[in-house]
Amino acid sequence: LEDALAALAEFLDIRHSKILLDSGARNPPRLYTVASRGYPASGVGSEIPFGDGVIGVAAEQRVPVRIMHFTSEYTYSCAARERWIAAASAPPALETEIPLPGLDEPQSQLAVPIQLGRQLIGVLYAESEEPARFSFEDEDALLAAAAQLGATIVALQATAEEPAGTAGDTPAQAATPAAKRRATRSRGQPLVIRHFAENDSV
């Protein structure tokens, strides 16, 4: 995730960015920060509910949100925390001791949902001190990056949850537990994958 944000800085000159993942909680649903770049503190572990601010709206509606003028994401997050704490039925689950990383006065903001199919994985967020910093091309680029992030995150999570391959497995068989499960569920034939070591392609 840190490499992904570093690539945004190198190739798109996006110096302030963060990745938040769906926490899985549903009362209420919320995101938590897992990586950030360009801020004095990482803010890893900070949380924001769905529907609040640019990030929360992108998660709730599953659409890109692009703001071209000043809004304060930090103000949004503070207001969300206050409403949550004031609600009688709200669980004390927000990481209120970890501030959400962000610019004090961002002039441009861009949040895109990270998805795999219809499954929401999280949100990729970028901001800048420059007005009108993000174009439609930047939005398209972040959507493409988010799609790759979604597939990669789910694949890594599936691999981490699988037991180690048996001694009889080939490297390709041992490395594709998610593919095995999909083949089993669909009752179809396994897909044979060939790896070419000379250029690391499949």
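**Fold and helix packing in the predicted model**

Of the contacts between residues at least 6 apart in the sequence of the protein, 58% join residues at least 24 apart. The model is predicted. The protein contains 6 helices and 6 strands, arranged from the N terminus as α-β-β-β-α-β-α-β-β-α-α-α. Of its 202 residues, 37% are buried.

The 6 strands form an open sheet in the order 3-2-1-6-5-4, and their pairing is antiparallel. Strand 3 (47–49) and strand 4 (65–67) each have a single partner strand, so one side of each edge strand lacks a neighbour in the sheet. On average, neighbouring strands are turned by 25 degrees against each other, direction ignored. Strand 2 (residues 30–37) and strand 3 run antiparallel and are joined by 3 bridges; Arg30 has Pro49 of strand 3 as its bridge partner.

Helix 2 (residues 53–61) packs on this sheet and touches strand 1 (16–22), strand 2, strand 3, strand 4, strand 5 (108–116) and strand 6 (119–128). The direction of helix 2 makes about 150 degrees with that of strand 6. Helix 4 lies across strand 1, strand 4, strand 5 and strand 6, at about 35 degrees to strand 5.

Helix 4 spans residues 136–161, 26 residues in total, and reaches 37 Å from its first C-alpha to its last, close to the expected 38 Å. Its buried residues are Asp138, Glu139, Leu142, Ala146, Leu149, Gly150, Ile153 and Ala158. An α-helix has 3.6 residues a turn, so residues three or four places apart point the same way.

Notes
Residues numbered from 1 in each chain as written. Predicted model: local features only at pLDDT ≥ 70, side-chain atom pairs only at ≥ 80, totals over all residues. Heavy atoms only, no water. Helix = DSSP H or I, 4+ residues; strand = E, 2+ residues; numbered from the N terminus. Expected span 1.5 Å × (residues − 1). Buried < 20%, exposed > 50% of the residue type's maximum accessible area, 1.4 Å probe, protein only. Contact = heavy atoms within 4.5 Å. Pairing = 2+ DSSP bridges. Axes fitted to C-alpha atoms, helices over the stretch in contact; angles between N-to-C directions.
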